[in-house]
Amino acid sequence: PCLWYASKLKLARELHAMLGGMDDSYTCGGNVKVVWTPQSKEEGPGFQVNMRSCEDVAAWAVLRQVLHGGNFGPVIHRKFQMYGVVMFGMFLAMPTVQALGSFYTDPGDGTKVIHVDVKILSILRMLLLAVPILVQVRIAYTVNQYTGYQVQAIFRMQRANMALSASLRGRGVDAEEQADKLDRCQALLGSVADEIRSSEDSSPMRVLGLVANPGVVVSIVSILTSIMVLEVRELGIVPFLS
């Protein structure tokens with residue numbers, strides 16, 4: 001699943017690069033790149049859409065509708081959600097049952113029913129499963145952020161088209177025709193931007209059936225911390241939890 005989410009991030013970046021998006025939006029809050037660049041430096045800037053052509057804008061909008069986020073491979077996306085929920089629930093249930101069972105002792109000799117080595121192994125399994133899930137949340141959240149990056153690039157081009165159209169008015173018949181084309185393209189850009197904003201709620205990237213955002217990470221970390229506190233309390237490693 002992590003590799004599949006990474007491929008979705010690559011698609012989102014390539015779609016954004018077609019709009020002439022800035023390289024800063026390829027990073028997540030800093031200078032650390034999450035995944036490889038769409039093109040190498042030897043390949044040049046790559047294909048970019050002519051944002052002053054209605055045909056190119058409509059073609060890019062259709063391409064994004066098919067490839068961006070949850071629109072591409074929705075069946076696989078839902079399968080990953082189902083598999084992730086089942087496996088995560090199973091790996092959470094095992095340490096939870098063991099943590100609760102550790103409160104009970106054998107009536108015969110007073111020893112613990114669940115031994116320490118079993119508890120440690122259960123904690124390690126839970127943490128190892130949580131790491132790839134957190135990675136999926138991080139990548140999926142980045143893919144969802146590209147919705148805002150794309151809208152920003154479209155608004156930037158709308159502003160440029162509006163300024164150019166205003167400057168062409170009153171300069172002859174040919175200039176008036178070109179200005180009319182820019183106005184039609186500007187209206188199309190506006191409708192594409194509205195469609196992109198609506199896709200934030202209709203087809204976002206999800207992890208464990210939840211929309212990928214920092215709140216999912218907080219929930220997962222809170223659940224893991226609660227289980228680990230129960231386990232550590234019974235192990236007696238931390239004095240104030242014993």
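Predicted model: local features only at pLDDT ≥ 70, side-chain atom pairs only at ≥ 80, totals over all residues.
## Helix H2 and its length

Helices here are DSSP runs of H or I with at least four residues, strands are runs of E with at least two, and both are numbered from the N terminus.

Residues are numbered from 1 along each chain as its sequence is written, and side-chain values use heavy atoms, leaving out hydrogens and water.

## Where H2 meets H1

Helix H1 (residues 2–18) packs against H2 at an angle of about 170°, and their axes lie 11 Å apart. (Axes are lines fitted to C-alpha atoms, for helices over the stretch in contact, and angles run from 0 to 180 degrees between N-to-C directions.) The two helices are therefore roughly antiparallel, a label for angles over 145 degrees.

In contact terms (heavy atoms within 4.5 Å), Leu11, Leu15 and Met18 of H1 meet Trp60, Leu63, Arg64 and Leu67 of H2.

## The buried side, and the whole protein

Val57, Trp60, Ala61 and Arg64 of H2 are buried, meaning under 20% relative accessible area with a 1.4 Å probe, protein chains only. After H2 comes glycine 69, with a positive phi near 55°.

Stepping back, the protein has six helices and two strands, in the order α-α-α-α-α-β-β-α from the N terminus. Of its 242 residues, 36% count as buried.

Conventions: Buried < 20%, exposed > 50% of the residue type's maximum accessible area, 1.4 Å probe, protein only. Parallel < 35°, antiparallel > 145°, perpendicular 65-115°, else oblique.
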